[in-house]
Amino acid sequence: MTIKGRFAPSPTGRMHLGNIYTALLSWLSVKKQGGSWILRIEDLDPQRSKYEYARQIEDDLAWLGLAWDEGGLDDSGPSAPYSQSRRHDRYEEALCRLLDTGYCYPCRCRRADIMATQAPHQSDGRIIYGGTCRPVGLPVPWNTLADRSTDAAVRLYVPSDIIAFDDLIYGHQEVALDSHCGDFILRRADGAWAYQLAVVVDDAEMGVTEVMRGNDLLLSSAQQIYLYRLLGYEPPRFAHLPLIVNDAGRRLSKRDISLSMAQLRQRYSPPELIGIVARTAGLIPEATPVTPQELIPLFDITRLHATESITASASRASS
């Protein structure tokens with residue numbers, strides 16, 4: 001089997017230390033296995049995504065020495081295009097296949113309507129859809145459903161089955177989709193594609209065999225595995241990483257200027273910054289300058305611990 005990994009940033013601002021942490025470890029994992037690494041631009045949000053941010057992502061990765069084998073804005077590779085904004089026909093085709101299952105239905109519920117009838121799940125703010133618009137007697141042919149106009153969202157029914165999978169870092173997981181999220185959206189009422197559908201179609205069609213990303217997406221893997229199965233695809237292996245947080249314990253965002261690539265590139269050389277990230281991941285004992293290539297023989301996924309988060313601040317990065 002050809003090993004393929006991917007890094008799939010959203011071009012909504014400058015990358016930060018957390019993005020580089022994910023990119024480096026994903027790159028190392030694939031290269032240690034003799035595989036190839038894809039750069040995919042996840043620009044589904046037309047209001048926030050900008051071409052110049054995508055170009056800056058490419059420049060930052062190249063500066064760090066993290067070369068991709070496929071993808072990028074120049075669409076180098078057999079699975080072009082590699083930007084989600086240009087893959088609408090792929091998502092449309094997949095949606096049609098899901099409509100044929102009889103388990104999709106139009107939904108006009110707004111988030112405010114759902115929140116008014118159900119409290120957020122525990123402390124994470126998740127809202128579990130209760131099936132307000134779900135038709136009786138599923139599966140039901142899509143063309144027999146009333147109110148399936150283009151200004152309604154498309155939801156996918158989820159069964160009460162347990163979705164089980166083994167994460168390479170967090171171990172065995174079991175998720176009941178009906179109690180975790182309920183029926184979920186495939187396409188919004190405004191026509192925008194849902195992340196869950198787009199990422200499954202992209203990873204499957206691009207031959208991705210390993211997905212390494214932040215642990216905030218750990219449980220959403222169950223939704224994606226459900227979609228993989230419905231569409232007849234083989235799911236990849238998943239490996240979720242602890243999130244990098246700031247001194248206040250909040251996950252990094254593109255507003256954390258002190259840990260953004262704009263600041264980091266002014267303060268460090270590429271080997272120095274790679275050394276900082278490698279030390280943060282526990283790959284080396286001290287933040288000594290090192291290149292990505294030099295880290296390949298040192299990478300061992302079993303050394304990555306399943307902690308909730310890792311603190312990295314500007315003061316720590318400069319030590």
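Is Ser220 buried or exposed? Ser220 is buried, with a relative accessible area of 8%. Buried means under 20% relative accessible area, exposed over 50%, and partly exposed in between, using a 1.4 Å probe and protein chains only.

## Basis of the model

This is a predicted model: local features need pLDDT of at least 70, side-chain atom pairs count only at pLDDT 80 or more, and totals for chains, interfaces and linings use all residues. Residues are numbered from 1 along each chain as its sequence is written, and side-chain values use heavy atoms, leaving out hydrogens and water.

## Overall fold

The protein chain has 11 helices and 12 strands. Its radius of gyration is 20 Å, close to the 20 Å that the globule rule gives for 319 residues, so the chain is as compact as a globular protein of that length. The radius is taken over C-alpha atoms, and the rule is 2.2 Å times the number of residues to the power 0.38. Helices (H or I, at least four residues) and strands (E, at least two) are DSSP runs, numbered from the N terminus.

Along the principal axes, the C-alpha atoms of the protein chain fill a box of roughly 65 × 40 × 35 Å. Buried residues make up 52% of the 319 residues. The accessible surface is about 14400 Å², and 50% of it belongs to carbon and sulfur atoms. Accessible areas come from the Shrake-Rupley method with a 1.4 Å probe; for residues, only the protein chains shown count as cover. Among contacts between residues at least 6 apart in sequence, 75% join residues at least 24 apart. Contact means heavy atoms within 4.5 Å.

## Ser220 in helix α7

Ser220 lies in helix α7, residues 220-231. A polar atom of the Ser220 side chain lies 2.8 Å from the backbone oxygen of Leu217. Leaving aside residues up to four places away in sequence, Ser220 touches Gln196 and Arg213.

## Arg155: buried charge

Arg155 sits in strand β5, residues 153-156. Arg155 is buried yet has no salt bridge. A salt bridge needs a side-chain nitrogen of Lys or Arg within 4 Å of a carboxyl oxygen of Asp or Glu. The nearest side chain of opposite charge, Asp183, is 6.7 Å away. Lys and Arg count as positive, Asp and Glu as negative; His and the chain ends are not counted.

## Asp166: exposed strand residue

Asp166 is found in strand β6, residues 162-167. Asp166 is exposed, with a relative accessible area of 54%. Its side chain makes a polar contact of 2.8 Å with the side chain of His172. A polar contact is a pair of N or O atoms within 3.5 Å; within protein, one must be able to donate a hydrogen and the other to accept it, and residues adjacent in sequence count only if both atoms are side-chain atoms.

Not counting residues up to four places away in sequence, Asp166 touches Gly171, His172 and Phe238. Asp166 and Arg237 are 71 residues apart in sequence and 8.0 Å apart in space, C-alpha to C-alpha.

## Backbone exceptions

Most residues other than glycine have a negative phi, and most peptide bonds are trans. Asp75, in the loop between β3 and α3, has a positive phi near 55°. Pro81 is in the loop between β3 (70-71) and α3 (88-99). A cis peptide bond joins Ala80 and Pro81, with omega about 0°.

The peptide bond from Leu138 to Pro139 is also cis, with omega near 5°. Pro139 lies in the loop between α4 (111-117) and β5.
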